[in-house]
Amino acid sequence: MATFLYKLGRLTFRRRRFVALIWVALLALAGFGAASASTATSSSFSIPGTEAQRAFDLLEQRFPGASADGATARVVFKAPEGEKVTDAANKGEITGIVKELRSGSDQVAQVADPFEAQAVSQDGSTAYISVSYKVNSMELTDQTRDALEEAGKDAQGSGMKVEIGGDALQVMPHTGTAEIIGVVIAAIVLVITFGSLIAAGLPLVTALIGVGIGVSLITALANVLDLGSTTPILASMIGLAVGIDYALFIVSRYRAELADGREREDAAGRAVGTAGSAVVFAGLTVVIALVGLAVVNIPMLTKMGFAAAGTVAIAVVIALTLIPALLGFAGKRVMGRKARKGAETAQNSDAKGAEKPSLDKDTAKAKGADAKPNTGTRWARFVLRRPVWVMVVGILGLGVVAVPAASLEMGLPDDGAQPKSTTQRQAYDMLSDGFGPGFNGPLMVVMDGKDSSDPKAAAERVSKEIESIGVVAVTPAQFNKAGDTAMITVIPKDRPSSHATEEVVHDIRDAGKDIKSDTGAEVLVTGATAMNIDFSQKMNDALMPYLALVVGLAFLLLMLVFRSILVPLKAALGFLLSVIAALGAVVAVFQWGWLGSLFGVEQTGPIMSMMPIFMVGVVFGLAMDYEVFLVTRMREAYVHGESPGQAIVTGFQHGARVVTAAAVIMMAVFAGFIGSSEQMVKMIGFSLAVAVLFDAFVVRMAIVPAVLALLGRKAWWLPRWLDRALPNVDVEGEKLQKQLTEGPAASGSDSGSDSDGGDGHGGERELVRV
């Protein structure tokens, strides 16, 4: 592979105008496709195999036009002090708003008058209008939302407090500001890392091109593939992350080759042949993690995973082709002034007949011994002196942080998790005060009496069984026209995301089993609260199979890369440790409330059920990036003759600075989302930032070198039979290096290939020979 990528790097370097033109044309075509495509709606959300989903499907079949999965809203009114909502003036205002809502949009399915639906609190202080829509929240038009928001403004003028809850006002959180902040911080870190504006700009430009193409293609195909408006979020986040990472590593390797006195075209080929090989395998691990989301068997997540995997694949191809092309345009300005002078001095000495730097055994040892130590070198030597202490402190530290993960409770956030300043949160609190917290999450019980001899009697028994469980209210059964299916609304005592409400759902389902055996009627529980409970359970059940699939496939892939059993095993175990520690931190902050005020957490509660799998997928890809780029350089040094200890030092000397920069950039990108007012976005940003912090700086920078130091040569052990069975992908470029050192004539032809400013073709003979 290294040889092929070496040829590809040199080819794209020489044909840089053609390569750049191709990528610009692809970006323009994708942008045109996105601009001309019809606006995407929300992808249909379903959870196959759950009771709540079966109940929704049954409602759509037996109650046509009821819009069981449509958006809902509650307009909540609170009378002024000393008044009641039933007073003539207040009642007239509310009745007028009911009429206004019914005529406000053709997307409205039903508006329930609170005085007819008994939606007035016992003390008469609070009432609410229930509004249901024909489409889900993401398909509501701006006109419909505006009509809903305007409905209560007149009533506020009369002195009543009016707030609106429900998912009708739910919109996709805007992440543009967070992404801009992340890009700005990334630019600063890159400038500090490279000391050159040109070098810092290349990873940003190519990452943005990759994300632009990927997101534009998703937008263009959204309606055709039913991708929906939520799909580009994951694709843009992970695409930006890996796009910067991959370009960063190739540019860094290119600069190192130039510093060794390589001619520019040869340096580009070597950078793509070595660091590019690591990019390919790092990209494959990310793709595996994202495609593995299909294990959860939730169509929305599967589509998001595949779309994001496609964006990662684009980022890999851009890094392998567009980066060397742009390096050709950049010339030697890709290095800082001081580094350029050093490279010119080295190249002049080569032109006078000095032997070119080579990574043969003797030279590698000399370089390792004579190179000026940097921070990475000093840290690696410290770890080599005290590997046991470093490993123990790292593992114990993450272990302590991981302790809260044992108390992880998963669920989906409701309006009670919104900031107190939002109308959704105030409506939630008003309902809780006036009616009880259970009114914020009513359950929908569906009785299928098609196989029952007396559906009405069965429905009466269902109602009595539910009342005996202990709930606030059970509404009379509403039958369909055929009389074989009934809907019963149940109001639990506690809030929707509470453990007590979850127990009520399970108790109703358990009672339904006896009812079915006695009457033949099937009892199903659905509604937003039950759907959230089933979704959380499905995500929880899928977590371990997902981990096993992703970690197992990545283990095999890393075994190919490192030609070792212990190194991939150590990589997988280290990743699991960092993920569990990150989950512990999330539980401590968002579930227990520790340091919650520091991160703007206003309401503690269950951890969003999608977050653990989402975090595993994203962080696993980034963790394997850092593992591959850092340890591949160690493996390369070891294969070329260095001792295991010196190979660790060499790996850190060349890779620690770049991996640190990449990790800081990713932490900045993710941390930008912590400032979001949406609890879900805040939680995702915090979890990803903390996970990268733990994995990059504790696991990869401390525990990994400590374990490798303790293992010594055993770290690179591979049984002979397995060594013969596994294909040799030559990630470290051993075969490439041998071919280059055995062709001195070709190397000699390089020295003049840049005489025309980088467009010369003196290196073509070496390319053909290789």
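**Sheet and helix packing in a predicted model**

Student: How many bridges join strand 2 to strand 3, and which way do they run?
Tutor: Strand 2 and strand 3 (residues 126–133) are joined by 4 bridges and run antiparallel. Strands here are DSSP runs (E, at least two residues) and helices likewise (H or I, at least four), numbered from the N terminus; pairing takes at least two DSSP bridges between two strands. This is a predicted model, where local features need pLDDT of at least 70 and side-chain atom pairs count only at pLDDT 80 or more, while totals for chains, interfaces and linings use all residues. Residues are numbered from 1 along each chain as its sequence is written, and side-chain values use heavy atoms, leaving out hydrogens and water.

Student: Nice. What stands opposite Val 111?
Tutor: That's Val 131 in strand 3.

Student: And what order do the strands of the sheet take?
Tutor: The order is 2-3-1-4, an open sheet of 4 strands with antiparallel pairing.

Student: Switching to helices: at what angle do helix 10 and helix 22 pack?
Tutor: About 5°, with the axes of helix 10 (residues 231–259) and helix 22 (residues 611–639) 11 Å apart. Therefore helix 10 is roughly parallel to helix 22 (angles under 35 degrees count as such). Axes are lines fitted to C-alpha atoms, for helices over the stretch in contact, with angles from 0 to 180 degrees between N-to-C directions.

Student: Which residues make the contact?
Tutor: Among them are Leu 234, Tyr 246 and Arg 253 of helix 10, and Phe 614, Tyr 626 and Glu 636 of helix 22; contact means heavy atoms within 4.5 Å.

How values were computed. Angles under 35 degrees count as roughly parallel, over 145 as roughly antiparallel, 65 to 115 as roughly perpendicular and the rest as oblique.
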